[in-house]
Amino acid sequence: MAASTIITLKLSSFFSLLLLLSISGVSSHSHQNALRGTIPPTCKRLECPTFDAIEMGDGYEIRHYNNSTVWMSTSSIQDISLVQATRTGFRSLFDYIQGKNNWEQKIEMTAPVITEVSASKSSFVVSFLVPKENQANPPPAKGLHVQRWKNVYVAAREFGGYANDSNVAVETAALRASIAGTDWSGAIDKSHRDGHVYTVAQYNDPLEYDNRVNEIWLLFEMETERHAI
Ligand SMILES: *[C@@H]1O[C@H](CO)[C@@H](O)[C@H](O)[C@H]1NC(C)=O
Ligand SMILES: *[C@@H]1O[C@H](CO)[C@@H](O)[C@H](O)[C@H]1NC(C)=O
Ligand SMILES: *[C@@H]1O[C@H](CO)[C@@H](O)[C@H](O)[C@H]1NC(C)=O
C-alpha cells in the first residue's frame, strides 16, 4: 500500500470517529467523566433540584437531597422498555404542567425527568420535579401523586447521548462496580435489599440533540447524617 493511501485511510477513520462522536452527541469533556461536579447545561435554563455534594468518588458522586425536593409521579407503569415507559409517563406529566390538572394551573418545565426502574417487576414510575414555587401546594391530578424527599442520599453517575435500555444497564452496572468496596456500599446495599431498583435522570428534551446529560441514581438512606465537602 502506498504511503498516501495509508494517510488517506487514517484521515478518513479519524473523520468518521469525529462524526461518530458528534452523532452520538458526545462532547469530549463530558462523556468520559462519570461525574462532573458542575451543573448540566439544561439547569442554566430550567429549575433543577439543589443538592449538597458529599463526595466526588472515582466513577461516582455522592449527593444529599433535602426536603426541598418534591416530585409529581405517575403510578407504576408496566412495560418491558424504559424508553417506552418514560415516554408514556412523560406524556401525562407534560399534560399536567400544561394545565391538565384539577386546578387547570400551568406549571413551569423543570429538569430532570426521572424514571424509577424496578427491573425485577418490569415496572417504572416517571416523575417531574415540582418547581419550588409550587411545592407547598402542587395541583392534584388523576393518576398522579406527590413524592416529597426528606433526607435522600444519591450515588450518581453521568452519561451522554440518548438513554436507552441497553446503555442504562451498562451504566448502572458501572456505577455499582465503582461503589463496591467504598464506605457507601453498605448503606446502598441495605437500601437495595429487594434487588434491582435504580433511577434514570434525563435532563434534556427528546428533541435536543447536543450536550445531552443523563444520570443513573442509586437512592439510599444513612443512619447518621453526612456533611457536604
Ligand atoms: C436544601 O438544600 C439546598 C442546597 O444545599 C439549600 O440551598 C436549601 O436551603 C436547603 N433547604 C432546606 C429546607 O433545608
Ligand atoms: C424541611 O426541613 C427543614 C429543616 O431541615 C424544616 O425547617 C422544614 O419545616 C421542612 N419543610 C417541610 C416542608 O417539611
Ligand atoms: C443505545 O445507546 C448506545 C449508545 O449509548 C448505542 O450504541 C446503542 O445502539 C443504543 N441502542 C439502542 C437499542 O438504541
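A strand here is a DSSP run of at least two residues marked E, and strands are numbered from the N terminus. With that in hand, welcome to this structure, which is a predicted model. Strand E5 (113-118), strand E6 (123-129) and strand E10 (214-220) each supply at least two residues of the lining of the second largest pocket.

- Sorted by class, the lining of the second largest pocket holds seven nonpolar, four polar and two charged residues.

**The largest pocket**

- Rolling a probe the size of a water molecule over the atoms shows where empty space is left.
- The largest pocket contains about 580 Å³ of space.
- Among its 24 lining residues, Thr 86, Phe 90, Asn 204, Asp 205 and Pro 206 are the closest to the centre.
- Helix H2, which spans residues 82-97, gives the most to this lining, with seven residues.
- In terms of class, the lining of the largest pocket consists of 13 nonpolar, five polar and six charged residues.

**Ligand 1 and its surroundings**

- If you look around ligand 1, you will find Thr 50, Asp 52, Asn 66, Asn 67 and Ser 68.
- A polar atom in the side chain of Asp 52 is 2.7 Å from an oxygen atom of ligand 1.
- For Asn 66, a polar side-chain atom lies 2.3 Å from an oxygen atom of ligand 1.
- On its own, ligand 1 exposes 360 Å², and the protein buries 44% of that.
- The shell around ligand 1 has no nonpolar residues, four polar ones and one charged one.

**Ligand 3 and its surroundings**

- The residues to look for around ligand 3 are Asn 164, Ser 166 and Asn 167.
- An N or O atom in the side chain of Asn 164 is 2.3 Å from an oxygen atom of ligand 3.
- Asn 167 also has a polar side-chain atom placed 3.0 Å from an oxygen atom of ligand 3.
- Ligand 3 has 360 Å² of accessible area when taken by itself, of which the protein covers 28%.

**The disulfide**

- There is one disulfide in the structure.
- Cys 43 and Cys 48 form a disulfide in which the sulfur atoms are 2.0 Å apart.
- The link of Cys 43 and Cys 48 is left-handed, with -85 degrees about the S-S bond.

**Backbone details in two loops**

- Going from Ala 111 to Pro 112, the peptide bond is cis, and its omega is near -5 degrees.
- You can find Pro 112 in the loop between H2 and E5.
- Ser 122 has a phi near 50 degrees, which is a positive value in a residue other than glycine.
- To locate Ser 122, look in the loop between E5 and E6.

Note on methods:
Residues numbered from 1 in each chain as written. Chains lettered and ligands numbered in written order. Predicted model: local features only at pLDDT ≥ 70, side-chain atom pairs only at ≥ 80, totals over all residues. Heavy atoms only, no water. Near = heavy atom within 4 Å. Polar contact = N/O pair within 3.5 Å; in protein donor to acceptor, adjacent residues only side chain to side chain. Areas by Shrake-Rupley, 256 points an atom, 1.4 Å probe, with all protein chains shown as cover. 1 Å grid on protein atoms, 1.4 Å probe; cavity = no way out; pocket = protein on both sides within 12 Å on 5 of 7 lines; lining within 4 Å. Points joined across faces, edges and corners; volume = space filled by probe spheres on them. Helix = DSSP H or I, 4+ residues; strand = E, 2+ residues; numbered from the N terminus. Nonpolar A, V, L, I, M, F, W, Y, C, P; charged D, E, K, R; others polar. Disulfide = S-S within 2.5 Å.
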